[in-house]
Structure formats: C-alpha cells, structure tokens
Amino acid sequence: TAAELALLGLLVPEDFGGVGVDLAEMAVLLRELGRTTAPLPVISTAVLAPTALLGSGNSAPANDILPALVSGKRRAAMVFGGPEGQPEPATWKLSWTRRGDDCVLDGTAGFVLDAPGADILVVAARGDDGLLAAVIDAGDAAVAPAATADRTRRLGTVSLDAVPVPPARVLATGGAAATMLARVQSVAAFAVACDAAGVAERAMLETAQYAQVRRQFGRPIGSFQAIKHMCADMAVAVEGSNAALSLALDALGGPAQGRDEAATVAAVSTAKAYVCDAAVKVCTDAIQAHGGIGFTWEHDAHLWLKRSLLDRALFGSPSWHRRRVADAVLPALTPG
C-alpha cells in the first residue's frame, strides 16, 4: 500500500514517522499518480494536510495527527473555498466566531477533495478577526458526496453547524493564518498541476504509440500529416508543462526567509493555468487520435480526459490563476 511504501510521509519529518524530503520528490510521485490515474487520496492526506500542520505555530495537532496520516490509519482533507469551490477567501462561506476560549465554526464549503472518507478535516474559515485555520474530526461535520465525472477521486460538500474548536486545535488566526493558507493554496495548485502533467504525458506517449500501429488506407495513421501535427503539439504542450512546473518548484522550494511571495504566486499560478489547460487539450486530442476506440469505456482515454478536467477545476480555474498572476505582477508596474 501507499503507507507501507512510505509514500504518505514524504513531506513529513522523521520526528513524526515520515521521510522528510521536499516538494521535488513529492512532485515525482504526483506525476506518476496522474500518469496511472491512481484513485488515492495522496494530495489531501500527504500534501495539503501536512503542509498546513507543519506550517502552524501550534505543534500539538501535528504531534497528534501526522503519525496517523503517515501510517495510513487516518485520512485528512483540506477544507477551504466557497460553496462551489471558489478559492478567493472573500467568497468563503465558512465563518468563525469566538465563544469564550473556543472558536465556533459555521457554514459550508463545496468541491472539497477527498472529504468523503476523511477522518480529519483541516478547516479554513473567515471572521471579523481575519482568517482561521483549525483541525476538527470529520464526525463533527456533515459531509455530502458530490457527483463528478472523474471516478478516480471523490469530492464532497462539508457543512458545519456551530462546531466548537478548543485552542489546542487552532492552527493559526489572523495574519499567520493568511500566510499559512496562501502557502497551502500554492502547494495545492502545484500538486494538481503535477497530476495533470502526468496525465498529459501518458496520453501523449500512448497516442504516439497507437499512431504507429493503427493502420488506415494501408498505412499507419502516424504517417498522415494531421496526426503528425497533433502528436507534435502534444509533445510541445508536455515539454512546456515540464518547464512551467520546474519554475514553480524552484519558487516554492526555496527558503521561507527572503522568499519573494509575488514571484512565487506568479510562478505557481502560471504553472497551474498553463499545465491544466494543456493537459485538457492533450487528452482531448488523444481521444480524437484514437478514433472510435477513444470514445469507449474499454479504453483509458476517457479516464485521462476526466482526470485532467477535474485537475483544471480544482483549487482555482485557469482564468482565476491568470488574474492572480496579473495581481502579483502588475502592481509593481503601477506608479504610486
């Protein structure tokens, strides 16, 4: 299993039972999961939850939760976004208020990756005192599975009704929470972009191979100019995706101290927008190049396309990320 292979603990330090590597190694795994369209909750349990827990000023939840995540005994989901999964905090409908020493969570978040089946929920909410990040048990929330075309992953809608959170389970509030959640959002975007790149690479390779063996009019279809151009465009899209992900990894993997946050946002959002759009185009072309068999359930082409479509929608659409790039870059060009 993934836990026995230590895949769930790649980003978790050895003190918590993990491997203690960084995003470069995790990116390799994420690409392979996309390539095989593996139905595993790795992004939520092994990437997003550890990023949030390790980025917190409160070490108690990490001590309690991370060993269970690494061992595979428990699963986690990161709950942030609006009712339709909108990534902008101003659209979030999860709110928090203070009641004595506790914080109380109310509201709904939709399009939550791996919420069905999760044991732990890392929740982001907004309130009069700014943002909050906290950990709750999944049993304290109402989780409704959401329909999705991609059958390899599960989405859910998470509803909270006056759920109390003691101080020991609050990860961060105010500016500290905003900084931590911005990091989680960037890592989430990078993670699904890696998945999409893996899907696109597999679609490209299998299409090129198919074009060499499928014959029409007495010759391989790969000898026709239209198919040649399609395969060439696929290769360009995959190589462009590799370059975009490499720049995003460099920006995310540097030391926190002295990191240029605007440059990091620009690199990660550029990768998310480009790679996910490219993956959908590559997978669409793969179905067309495979002809009739590409439209059947007997072939994996439909899995590639559905996976890439969900990757494109998760954690911000390409248009949202392009606006994020503009917001990060253009203020520096505006006088005053």
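Author: Helices (H or I, at least four residues) and strands (E, at least two residues) are DSSP runs, numbered from the N terminus. Pro145 lies in one of these elements, strand 6. The model is predicted, so local features need pLDDT of at least 70 and side-chain atom pairs count only at pLDDT 80 or more, while totals for chains, interfaces and linings use all residues. Residues are numbered from 1 along each chain as its sequence is written, and side-chain values use heavy atoms, with hydrogens and water left out.

Reader: Why is Pro145 called exposed?

Author: The relative accessible area of Pro145 is 69%. Buried means under 20%, exposed over 50% and partly exposed in between (1.4 Å probe, protein chains only). Since 69% is over 50%, Pro145 is exposed. Pro145 is in contact (heavy atoms within 4.5 Å) with Pro116, Leu155 and Gly156, leaving aside its neighbours within four places in sequence.

Reader: What makes Arg153 count as buried?

Author: Arg153 has a relative accessibility of 6%, and this value falls under the 20% limit, so Arg153 is buried. Arg153 lies in the loop between strand 6 (142-146) and strand 7 (155-165). Leaving aside neighbours within four places in sequence, the residues in contact with Arg153 include Leu113, Asp195 and Leu314.

Reader: How do you know that the side chains of Arg153 and Asp150 make a polar contact?

Author: The distance for this pair is 3.0 Å. A polar contact is a pair of N or O atoms within 3.5 Å; within protein, one must be able to donate a hydrogen and the other to accept it, and residues adjacent in sequence count only if both atoms are side-chain atoms. The distance of 3.0 Å is within 3.5 Å, so it meets the limit. The Arg153 side chain also reaches the backbone oxygen of Arg307, at 3.2 Å.

Reader: Is Ser56 buried or exposed, and how do you know?

Author: Ser56 has a relative accessible area of 14%, which is under 20%, so Ser56 is buried. Ser56 lies in the loop between helix 2 (42-54) and helix 3 (60-71). A polar atom of the Ser56 side chain lies 2.8 Å from the backbone oxygen of Leu171. Leaving aside neighbours within four places in sequence, Ser56 is in contact with Leu171 and Met180.

Reader: Why is the pair of Phe80 and Phe315 called stacked?

Author: Rings of Phe, Tyr and Trp (its six-membered ring) pair if their centres lie within 6.5 Å; planes under 30 degrees apart count as stacked, over 60 as edge-to-face and the rest as tilted. By this rule there are 3 aromatic pairs. The centres of Phe80 and Phe315 are 5.9 Å apart and their planes stand at 15°, so the pair is stacked. Phe80 lies in the loop between strand 1 (76-79) and strand 2 (95-99) and Phe315 in the loop between helix 7 (301-313) and helix 8 (318-329), so the pair ties together parts 235 residues apart in sequence.

Reader: What makes the pair of Phe217 and Phe224 edge-to-face?

Author: The planes of Phe217 and Phe224 are at 90°, over the 60 degrees required, and the centres are 6.4 Å apart, within 6.5 Å, so the pair is edge-to-face. Phe217 is exposed at 73% relative accessible area, whereas Phe224 is partly exposed at 25%.
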